[in-house]
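Subject: Structure for your files

Dear colleague,

Here is the structure I said I would pass on. My notes on it follow below.

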Amino acid sequence: MASPTIRALLARPELKLRLATPEDAVAPGALDATVRWVHSSDLADPTPFLAGGMVLLTTGTQFRDAGDDPKPYAAYVRRLARSGMLGLGFGTEVAREGVPEPLLEACLAAHLPLWEVPYDTPFIALARANAEALAAVAYERRTWALEAQRAVAVAALRPDGLRPMLAELSRRLGTWVGLVDAASLLHEHPGGGIDAATVAGLQRHAGDLLVRGVQATAGVTVDDRAFHLQTLGQRGRLRAVLAIEAEELDEQHRAVVTTVVAMAALALEQRQDLEQARDALAAGVLAALVRGDVAFAGDVARASGAPLPSSPVVVAVADERLAAVGGVGRWLDTRGVPLLRAQQGGDLVMVLEEADAPLIDELVLRHGGAAGVSEPVALDSVAGGLAQARTARERRTAPVTRFADLPGAGVLALLDAPEARTVARAALEPLARHDAEHGTDLVATVAAWFVADCAHDAAARALGVHRHTVRARLAAAQELLGQDLATVAGRAQVWAALRAAGLLA
């Protein structure tokens, strides 16, 4: 069946149409544009009732009084051209014989196709012929879509069905198709269809979509190439982005893509189950290292095919943003270095060899977020390295903060960790409760005493009380706390609690 175009209408012998304007005198492609509808009108200005992509048929009664004056014809044709008309058919032998010369000249000036419709060809015949062509094309497109959906469904049943399904989609659409995330190009067909710079651009756009965490589509241009992007997965659990090189997709294309998106998301969900099992195993290995059971952790890691890095190692703790970004784990796995990565308390924990520590900077630079990195430690000291990394992350001085670079790094830096603050508040709670119930100032007195380097007279002057009052309050405080403030150990315990609780600088 012929396509719904002006050229197709002219080619139908039963319509007996004749093109009045030479083909080389009309706008390029005008005869082959899709004709969405055929309308007839003899109004002097029919444009309020017309839409783009249509052709107009007229018998010319609106020019009955115009004679050979070219102005009405020129104005009429300019209005049609501005409204997006694809062409004009003139019905002869109704209002006048032949095509008016001023109308032909106006169409030539506007590069608008003009053809003659003989008296014995009713306008309805043109409308019917075009409608039949539109219906035939729509049927053909629906048939194509159904066959394409069947083909990708069959491809999905093959081993590792994701690759065959994407290859089938690429063949059906006749264009490059890929599966990307923020870290890598997971699959593509045809292979090598885009260069490294374009891949990097697609990864940036994919990362933006995945970080939002909601299902979305987007049209993007990378290095002058247009792509259609579609996220895969459920809200909050996006897995990857389907990329199709195309400026736009019609309704039938979108129907096939929707089928692929649903099946690919299911395949990725199944793959995610395997990744979750791997993550659970890695969390167990990390827990064994933290307990100091290096031999057990090493045996499990080797059995899983991912041996532990060799000492000395550094421990890195990345925040929740990096832990949640899809593809970070795969990106780390493709770096080719011995590495243990695991989720702990919403954080991404990484243990890697000291020489590979710059990988953390590259990770944060690529994906954003923040991370803390410990000093080099042995595998049996991962627990301490983990505490250092958390402290560095909490006291963030840069996107990647190293414990060794912290002001005053060392044992005292651990007092700034959230865990230390929690323990300190619990240790000082007897004093705070006594002050609240009896109106005393035990907490303030003990703090002032430490600020005064444990000198009673200096503390008394700072508080504006007698030194005997300070002695009495300290005696009450050490009884409530169960600490002997006359000993170094007792003083250290109370001083550390006050420092961690933020009551001492």
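Two strands are taken to pair if DSSP finds at least two bridges between them. By that rule, strand 12 and strand 13 (residues 347-353) of this predicted model are an antiparallel pair, joined over six bridges. One of the residues involved is Gln343, whose bridge partner in strand 13 is Leu348.

These two strands belong to an open sheet of five strands with mixed pairing, ordered 12-13-11-14-15. Strand 12 (339-344) and strand 15 (400-402) are the edge strands; each has a single partner strand, so one side of each is left without a neighbour in the sheet. On average, neighbouring strands are turned by 20° against each other, direction ignored. Helix 12 (residues 382-394) packs on the sheet and touches strand 11 (313-318), strand 12, strand 13, strand 14 (371-373) and strand 15. The direction of helix 12 makes about 40° with that of strand 11.

Elsewhere, helix 4 (residues 123-156) runs for 34 residues. From first C-alpha to last, helix 4 reaches 50 Å, close to the 50 Å expected at 1.5 Å a residue. Its buried residues include Ala125, Leu126, Ala129, Asn130, Ala133 and Val152.

The volume of the largest cavity is about 40 Å³. Ten residues line the largest cavity, and Ser3, Ala8, Leu9, Ala129 and Ala133 are the closest to its centre. Helix 1 (6-11) and helix 4 each supply at least two lining residues, with the largest share, three residues, coming from helix 4.

Regards

Definitions and conventions. Residues numbered from 1 in each chain as written. Predicted model: local features only at pLDDT ≥ 70, side-chain atom pairs only at ≥ 80, totals over all residues. Heavy atoms only, no water. Helix = DSSP H or I, 4+ residues; strand = E, 2+ residues; numbered from the N terminus. Axes fitted to C-alpha atoms, helices over the stretch in contact; angles between N-to-C directions. Contact = heavy atoms within 4.5 Å. Expected span 1.5 Å × (residues − 1). Buried < 20%, exposed > 50% of the residue type's maximum accessible area, 1.4 Å probe, protein only. 1 Å grid on protein atoms, 1.4 Å probe; cavity = no way out; pocket = protein on both sides within 12 Å on 5 of 7 lines; lining within 4 Å. Points joined across faces, edges and corners; volume = space filled by probe spheres on them.
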